[in-house]
Amino acid sequence: MDTPPYRRFFLGKHSIIESYCCINNAVGDVVIGDHTRIGIHNTIIGPVCIGNHVNLAQGITVSALNHNFEDKNKRIDEQGITTKPVIIGDDVWIGANAVVLPGVTIGKHCVVAAGAVVTKDVPDNSLVAGVPAKLIKQI
């Protein structure tokens, strides 16, 4: 847990964070709803809001943080960071080794296939897969 007290960290009722996870709220709040499971070896970097009854499998990265790199006259580590909140709705299952990038909203009752890289919003009741993730079907 990398959760300094100057940002919010909340873990809902009956929710669990399994071993070897990194939860980081240093640059934004991390809020996890009720009855949610954060699987083994996940990384979550805020600001992130995860709903109720969400199941994150193993090895997933959910990051609202990105490093700036546009100025070719400066090293990347000199250019700072930006954040765009990530929102994961209720009743979502994200498969192993998926990546959810900054600014993404995943709607309610969605499935993200294992290994997918989610670069844009996912509408409610959707199954997405691939790199980048694309809509496979409506559930």
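Trainee: What share of the contacts in the chain between residues at least 6 apart in sequence joins residues at least 24 apart?

Mentor: It's 18%, with contact meaning heavy atoms within 4.5 Å. Keep in mind that this is a predicted model, where local features need pLDDT of at least 70, side-chain atom pairs count only at pLDDT 80 or more, and totals for chains, interfaces and linings use all residues. Residues are numbered from 1 along each chain as its sequence is written, and side-chain values use heavy atoms, leaving out hydrogens and water.

Trainee: How many helices and strands does the chain have?

Mentor: Both are DSSP runs numbered from the N terminus: helices are H or I with at least four residues, strands are E with at least two. Here you get zero helices and 19 strands.

Trainee: How do I read a sheet, and in what order do the five strands of the open one come?

Mentor: Strands of a sheet pair through backbone hydrogen bonds, either parallel or antiparallel. Two strands pair if DSSP finds at least two bridges between them. In this chain the order is 3-6-9-14-17, with parallel pairing. Strand 3 (22-24) and strand 17 (117-118) stand at the edges with a single partner strand each, so one side of each has no neighbour in the sheet. Further in, strand 6 (residues 43-45) and strand 9 (residues 61-63) run parallel, joined by three bridges; threonine 43 sits opposite threonine 61.

Trainee: Which strands does strand 18 pair with?

Mentor: Strand 16 (residues 111-112) runs parallel to strand 18, with two bridges; valine 112 has valine 128 as its bridge partner. Strand 19 (residues 134-138) runs antiparallel to strand 18, with four bridges, and serine 126 faces glutamine 138 there. Strands 18 and 19 form a hairpin with four residues between them, and glycine 130 in the turn has a positive phi of about 105°.
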